[in-house]
Amino acid sequence: MDGIPKNSSLKLVAWELTRRCNLSCVHCRASAVTNESCLDFDQEELTTDEAFLLIDEIAKVSRPILILTGGEPLLRQDIFKIASYGVTKGFRVVMATNGTLIDEEIAKQIKDSGIKRISISLDGADSKTHNEFRQVTGAFEGALNGIKWAKISGLEFQINTTITRQNHTQIDDIIALADKLGAVVCDFFFLVPTGRAKEMEGQELKPGEYEEVLTRLDKKSREVPIKIKTTCAPHYSRIRHDSSTTKGCLAGTSFCFISYQADVFPCGYLDVNCGNIRNQAFQDIWANSQVFNNLRDLSKYKGKCAKCEYLKVCGGCRARAYAKTQDYLAQEPNCIYEPHR
């Protein structure tokens, strides 16, 4: 088996443990379904033993941050066994949850399992906006209640927000709320039309709006104590262009996504299957997938991304390029910057 390229150090793995969820969010990447209507999903999910084996497989490559996600990962009865196993193997384990299932006991179990941080999604600064995203009455209050118990248990948390044309005017209020609640990070995700979000394509920010919002976030990040991050907006790295940001798009270079069916993708929004860990070693997929190696070869990028002086800093959103053109090497479709070289 070929060695792993030096420019592809694995630092983050997002692992979709289940596609079951207690909410039905309009922008859901996973097109997750309610717990009562997904008995077939149980049979496709990795078993506890398979989950342990996957952790062992990933450990042969590196010890990345392991993000346990879904669906809603707290719907898996073995979630804390899996988390604890990852911790014993030397991973920093974190969890992405909608927060509504967290009570005093669950918060304690999260903390005791060794999970270092949770992310809880707030897609608006008020109940009306958030609940419309989540399509469940009381989701906003449920998330705030989960945050309350996380704080009481001493569990570090961050706020994740998916930005659309519906809520981008609330950014300042969302940051203020996250700071007031005691979050360590406010991470803004920019809509990629995949999963159920395909039906929200009209809610995606236009290229000029992206630039304006990212510039506003850059300014805001210099004014507030809470750390501000972005996801699926790699041109934020161009706008900030300082040591506080990582490379824009990490898909296939230092990040990958593993689905509940054990398929491996460059990221959760880039729907190009690179292999399945039930019939291929994770190390082999990571090192030898043609898709991964194409993403690591910047000379293969196309359009104005190929000419851009910020290619190594930004890279363009490969998932958005694929969603719009069916070519993950195409230029970032929502970037208005014109290269100078």
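**Close-up 1. Gly71 sits in the loop that runs between β4 (65-69) and α3 (79-88).** Helices (H or I, at least four residues) and strands (E, at least two) are DSSP runs, numbered from the N terminus. The peptide bond leading from Gly70 to Gly71 is cis, and its omega is near 25 degrees. Keep in mind that this is a predicted model, where local features need pLDDT of at least 70, side-chain atom pairs count only at pLDDT 80 or more, and totals for chains, interfaces and linings use all residues. Residues are numbered from 1 along each chain as its sequence is written, and side-chain values use heavy atoms, with hydrogens and water left out.

**Close-up 2. α3 packs against helix α4 (residues 104-113).** Their axes (lines fitted to C-alpha atoms over the stretch in contact, with angles from 0 to 180 degrees between N-to-C directions) are 8 Å apart and meet at an angle of about 25 degrees. That makes α3 roughly parallel to α4, a label for angles under 35 degrees. Phe80, Ala83, Ser84 and Val87 of α3 make the contact (heavy atoms within 4.5 Å) with Ile106, Gln109, Ile110 and Ser113 of α4.

**Close-up 3. Cys232 lies in the loop between β9 (227-231) and α9 (235-240).** Here phi is near 60 degrees, a positive value in a residue other than glycine. Cys232 is buried, with a relative accessible area of 16%; buried means under 20% relative accessible area (1.4 Å probe, protein chains only).

**Close-up 4. Ala262 belongs to the loop between β10 (255-258) and β11 (264-265).** Though not a glycine, Ala262 has a positive phi of about 80 degrees. Ala262 counts as buried too, at 0% relative accessibility.

Technical notes. Buried means under 20% relative accessible area, exposed over 50%, partly exposed in between (1.4 Å probe, protein chains only). Angles under 35 degrees count as roughly parallel, over 145 as roughly antiparallel, 65 to 115 as roughly perpendicular and the rest as oblique.
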